[in-house]
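Here are a few exercises to work through with the model open beside you. Try each task yourself before you read its solution.

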Amino acid sequence: MLFAIIFTDKLGHGAVRSANLQAHIEWLELNKELIPVGGSLRHELGETPIGGLWIAEADSKDQLEELIRTDPFFIAGLRESYEILHWSKANAQRKALV
């Protein structure tokens, strides 16, 4: 199943993000089969991110909940909240690399 996960970071935690960014990127690479697309969200280019977005392919929301708890950003306390949503592609046959 496909999912979109939207993360909101805690306000004023840019230093936590910076300190854990490399570990988070390495963790994403280790989990690229489940999270082929992930990245930060911000209002304007150059601003500190306010959260993140993943496109994931997993068996269940529970599988993603377990995975999120192992993310260095989550462990470090960066995340204020997150929402796991079922996602349907508009054209299921189209494969795209971002």
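**Exercise 1.** Find which backbone oxygen the side chain of Asn-31 reaches, and work out whether Asn-31 counts as buried or exposed.

*Solution.* Keep in mind that you're looking at a predicted model. Start by locating the residue: Asn-31 sits in the loop between helix 1 (14-30) and strand 2 (37-41). From there, follow its side chain to the backbone oxygen of Trp-27, at 2.8 Å. Last comes accessibility: the cut-off for buried is under 20%, and Asn-31 has 17% relative accessibility, so it counts as buried.

**Exercise 2.** Decide how the rings of Phe-74 and Tyr-82 are arranged.

*Solution.* A pair of aromatic rings is described by the distance of the centres and the angle of the planes. By the pairing rule, the count here is four aromatic pairs. In the pair of Phe-74 and Tyr-82, the centres are 6.4 Å apart and the planes make 70°, an edge-to-face arrangement. Phe-74 is partly exposed, because its relative accessibility is 31%; Tyr-82, at 25%, is partly exposed too. Now widen the view: Phe-74 and Tyr-82 belong to one aromatic cluster with Phe-7, Trp-27 and Trp-54.

**Exercise 3.** Identify what lies over the face of Phe-7, then trace the strands that pair with strand 1.

*Solution.* Over the face of Phe-7 you'll find Arg-79, at 4.2 Å from the ring centre. Next, take strand 1 (residues 2-9): it pairs antiparallel with strand 3 (residues 51-57) over seven bridges, and Thr-8 faces Gly-51 there. Strand 1 is also joined by seven bridges to strand 4 (residues 79-86), again antiparallel, with Phe-3 opposite His-86.

Technical notes: Residues numbered from 1 in each chain as written. Predicted model: local features only at pLDDT ≥ 70, side-chain atom pairs only at ≥ 80, totals over all residues. Heavy atoms only, no water. Helix = DSSP H or I, 4+ residues; strand = E, 2+ residues; numbered from the N terminus. Buried < 20%, exposed > 50% of the residue type's maximum accessible area, 1.4 Å probe, protein only. Polar contact = N/O pair within 3.5 Å; in protein donor to acceptor, adjacent residues only side chain to side chain. Phe/Tyr/Trp six-rings, centres within 6.5 Å; stacked < 30°, edge-to-face > 60°. Lys NZ or Arg CZ within 6 Å of the ring centre and 35° of its normal. Pairing = 2+ DSSP bridges.
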